[in-house]
Amino acid sequence: MARPAGHPSRCLPISPQVQECLQQFKVTGAQLRQIQTSLLGSMEQALRGQAGPAPAVRMLPTYVGSIPHGTEQGDFVVLELGATGASLRVLWVTLTGIEGHKVEPRSQEFVIPQEVMLGPGQQLFDFAARCLSEFLDVLPVGNQGLQLGFSFSFPCHQTGLDKSTLISWTKGFKCSDVEGQDVVQLLRDAIQRQGAYSIDVVAVVNDTVGTMMGCEPGVGPCEVGLVVDTGTNACYMEEARHVAVLDEDRGRVCISIEWGSFSDEGALGPVQTIFDRTLDHESLNPGAQRFEKMIGGLYLGELVRLVLAHLAQRGALFGGHTSPVLRSQGSILLEHVAEMEDPSAGAARVHAVLQDLGLNPKASDAEWVQCVCVAVCTRAAQLCAAALAAVLSRLQHSREQQALQIAVATGGRVFERHPRFLSVLRETVMLLAPDCNVSFIPSVDGGGRGVAMVTAVAARLAAHRRLLEETLAPFRLTREQLAEVQAQMREAMAKGLQGEASSLRMLPTYVRATPDGSERGDFLALDLGGTNFRVLLVRVATGGVQISSQIYSIPECVAQGSGQQLFDHIVDCIVDFQQKQGLSGQSLPLGFTFSFPCRQMGLDQVRKTSGSGAGCCDNRVAQQLEASFFVQAVELNVVAIVNDTVGTMMSCGYEDPHCEVGLIVGTGTNACYMEELRNVASVDGDSGQMCINTEWGAFGDDGSLSMLSTRFDACVDQASINPGKQRFEKMISGMYLGEIVRHILLHLTSLGVLFRGQQTQRLQTRDIFKTKFLSEIESDSLALRQVRAILEDLGLPLTSDDALMVLEVCQAVSKRAAQLCGAGVAAVVEKIRENRGLEELTISVGVDGTLYKLHPHFSSLVAATVRELAPRCVVTFLQSEDGSGKGAALVTAVACRLAQRTRV
Ligand code: 0WK
Ligand code: BGC
Ligand code: BGC
């Protein structure tokens with residue numbers, strides 16, 4: 001970058017002194033890149049919140065978490081303090097939403113007297129309150145319930161949307177007793193002292209935030225606000241998880257960079273001139289805001305003045321004469337610089353301005369003065385571009401986007417008054433961030449609209465949150481409600497065992513013992529009813545259990561076809577498996593995990609009762625299977641038919657003798673456990689135990705869960721293939737949770753809380769929201785990215801707020817599921833403890849099922865609930881490694897062992 005962009009070619013200073021001064025303001029491409037890199041480093045250091053020397057930029061989180069919808073509505077008062085020199089602005093902004101006609105804001109500017117800017121803080125805020133009243137007095141508004149957004153353009157620690165502590169004054173302000181104070185409170189106090197209006201200060205924002213929020217999107221979303229006014233600064237939308245101080249891993253947050261305080265000596269030193277040092281030294285805040293002092297409008301005129309005074313004193317300008325005006329601080333303003341630099345104004349205009357300064361310029365003076373103005377402002381625009389390029393790099397990095405499309409909202413008098421500033425800025429940004437497609441969008445009314453937007457968004461978010469909370473409230477179960485579920489479950493278990501009317505069938509399984517380790521032999525096993533159908537060869541030997549297995553698919557037409565078709569298909573799979581294992585012709589004992597509610601008359605005597613799944617009700621399962629084998633001339637020895645819960649319990653029981661409960665939380669849910677035979681009315685005998693398949697999925701089918709059932713559960717039930725049945729299962733298991741979430745999302749959309757109130761065809765499609773999405777969405781890492789990707793796949797119009805709310809919906813639904821499941825387990829283990837008359841029971845639960853295994857929090861929530869509701873039981877959960885097929889083989893092995901013993 002040999003010649004600063006925009007430097008007019010006619011600037012060919014003859015005087016070497018002028019030339020030397022101009023040279024000092026030239027910044028090379030390498031220097032700009034160094035500033036870009038160093039600033040980016042400071043930004044990232046500040047975001048990480050690392051200990052050590054304070055980073056050069058502050059990176060202050062604001063409480064703005066989303067860019068505007070465009071749907072915001074209402075009337076707002078806006079008070080702007082600190083952006084534009086010594087003026088204070090009050091606006092009345094009417095937001096009319098997307099449909100409404102745009103209403104021009106009304107505004108009034110007040111000049112803040114110098115002594116107020118430098119006097120006691122209370123005086124400043126009283127002045128502001130007086131200006132507010134004066135403005136409102138002439139508007140046709142009442143004096144009650146006015147909502148105010150406060151634009152306060154100084155570095156502040158924000159701790160709420162309406163709470164913000166001033167860190168330090170910048171620019172031309174230095175009031176006492178304000179630093180370290182909440183400026184919202186100071187304003188509220190002043191408004192109250194004034195007493196004329198009742199005004200609610202709803203939100204406080206930095207001017208950069210107002211600028212960004214008031215902007216219409218360009219080629220991309222408008223997620224950067226850039227201000228070059230009296231001072232300079234920018235804000236942008238950062239991923240919250242990258243902001244260490246927030247301790248928040250979701251959503252985005254707007255960060256006010258406060259780049260004015262950037263001061264890295266290595267990067268800034270080489271571009272600083274003697275004039276910058278003098279200016280800093282003579283300013284209100286020496287040593288602070290060094291970067292701002294090279295860019296901000298308050299300082300550009302002063303830099304020009306210092307250069308001109310220097311050249312005049314050296315005899316290089318104005319024939320060696322200065323004037324008292326030229327010698328006094330602050331006499332050249334941004335307006336003068338802009339005017340003198342404007343090529344269309346011509347030399348006569350430069351003359352006129354210089355004469356106003358008490359100078360008597362020659363023709364060449366005017367040209368050189370113009371060159372000085374160009375040099376100072378070009379450097380400012382280039383430095384500003386380097387800083388903006390750092391922000392763009394940051395966005396590229398944090399969003400993992402190679403090519404970024406983004407709109408930058410620009411605001412401030414330097415943009416408005418200075419014709420070339422934006423073009424130099426744009427050119428330099430293109431050089432420094434060539435992968436970014438940036439559109440610059442000027443703020444229409446000085447950011448006032450944006451402040452009103454924040455105020456409106458604050459109000460809208462609060463309203464949406466209330467609606468979300470109301471919707472999810474019925475899913476948030478209290479300890480008492482869960483204890484009630486546990487108690488009802490206990491009652492239903494007791495009745496079921498006694499053969500009385502109960503929603504729990506409590507089916508005897510004829511499994512009387514868990515494995516004792518002495519089982520031996522080779523067995524075939526089938527596992528049908530979960531996500532997969534598996535055929536297994538299980539070899540039980542002295543060294544342990546060896547398994548070979550294969551997954552076979554069951555085509556949907558077969559799964560929903562006749563029983564005959566299903567069993568024929570199963571036999572085809574077995575024959576194929578036997579061939580592959582070199583077992584053709586052998587008749588190994590077979591155990592069959594059949595995960596549907598079955599009434600068993602013996603270990604191998606089963607009727608499938610009504611319920612979910614394939615259409616083969618009321619047929620003898622083993623007989624059907626054997627019949628199918630017979631047709632295929634294959635010999636088969638079906639020794640045991642077991643439920644998947646039983647298979648799982650047996651499978652885990654082989655490793656752990658305490659495992660006396662089996663639990664499945666997958667497509668469906670169910671549990672089995674070892675009950676005392678004396679309690680089982682339908683089976684003869686009083687001694688020993690028998691495993692009982694509770695079929696707890698049907699719990700509540702007699703209406704006992706109606707207190708907990710929400711309108712969304714009712715929708716899911718009504719649309720299912722078995723309305724009124726499996727009510728407990730429909731609140732817990734994988735087949736239904738996605739549907740519950742989808743119904744809640746539909747409801748929230750209809751309230752306008754989600755997706756901007758737009759219903760989509762996709763969301764109305766049944767089963768579109770898979771339960772595995774819940775697991776993905778709730779996984780701790782990548783949470784929000786997953787949510788967004790999933791919802792975008794579903795074709796939903798998505799904002800960050802939406803993604804957050806969907807996450808909360810998923811969490812509420814899966815938490816309730818896990819807690820209900822935990823209440824069920826608590827009922828079962830307490831029953832076992834009481835059966836055995838124990839003070840404390842130590843027991844293990846064998847668990848399987850995709851929801852339990854894949855969901856990031858399900859298992860720990862179940863365990864926590866059990867601890868809470870069954871404090872006298874020490875329960876260990878064992879995840880089944882080998883599916884329940886192994887368990888079916890072990891049931892077969894135990895049966896064979898017992899049969900052998902009887903024969904002997
Ligand atoms: C794996 C077991 C199978 C059971 C399944 C349940 O081997 O018997 O039915 O877990 O989980 P799902 O596949 O339904 O998620
Ligand atoms: C302040 C910033 C402000 C910027 C532009 C700086 O002096 O510290 O908060 O955004 O000026 O007005
Ligand atoms: C069935 C049970 C089975 C459970 C888990 C339920 O739908 O009725 O028999 O154990 O799903 O797979």
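In the predicted model, the largest nonpolar core has 94 residues, of which Leu-226, Tyr-236, Trp-259 and Leu-308 touch the most other members. A nonpolar core is here a set of buried Ala, Val, Leu, Ile, Met, Phe, Trp, Tyr and Cys residues joined through side-chain atoms within 4.5 Å, buried meaning under 20% relative accessible area with a 1.4 Å probe and protein chains only. Helix 13 (residues 363-398) gives the most to this core, 22 residues; helices are DSSP runs of H or I, at least four residues, numbered from the N terminus. Among the residues touched by Leu-226, leaving aside those up to four places away in sequence, are Trp-259, Cys-384, Leu-388 and Phe-415, with contact defined as heavy atoms within 4.5 Å. A second, separate core of 89 residues includes Trp-696, Val-753, Val-828 and Ile-843.

Ligand 1 has 15 residues around it, and Asp-527, Thr-531, Thr-667, Thr-850 and Ser-884 come nearest (a residue counts if one of its heavy atoms lies within 4 Å). This shell comprises one nonpolar, ten polar and four charged residues; Asp, Glu, Lys and Arg count as charged, Ala, Val, Leu, Ile, Met, Phe, Trp, Tyr, Cys and Pro as nonpolar, and the others, Gly among them, as polar.

Polar contacts are pairs of N or O atoms within 3.5 Å. An oxygen atom of ligand 1 lies 2.3 Å from a polar side-chain atom of Thr-850, and an oxygen atom of the ligand is 2.4 Å from a side-chain N or O atom of Asp-527. For Arg-534, the corresponding distance is 3.5 Å. The protein covers 93% of the 380 Å² of accessible area that ligand 1 has on its own (Shrake-Rupley method, 1.4 Å probe).

Residues are numbered from 1 along each chain as its sequence is written, while chains are lettered from A and ligands numbered from 1 in the order in which they are written. Local features need pLDDT of at least 70 and side-chain atom pairs count only at pLDDT 80 or more, whereas totals for chains, interfaces and linings use all residues; side-chain values use heavy atoms, without hydrogens and water.

Note on methods:
A polar contact is a pair of N or O atoms within 3.5 Å; within protein, one must be able to donate a hydrogen and the other to accept it, and residues adjacent in sequence count only if both atoms are side-chain atoms. Buried means under 20% relative accessible area, exposed over 50%, partly exposed in between (1.4 Å probe, protein chains only). Helices (H or I, at least four residues) and strands (E, at least two) are DSSP runs, numbered from the N terminus.
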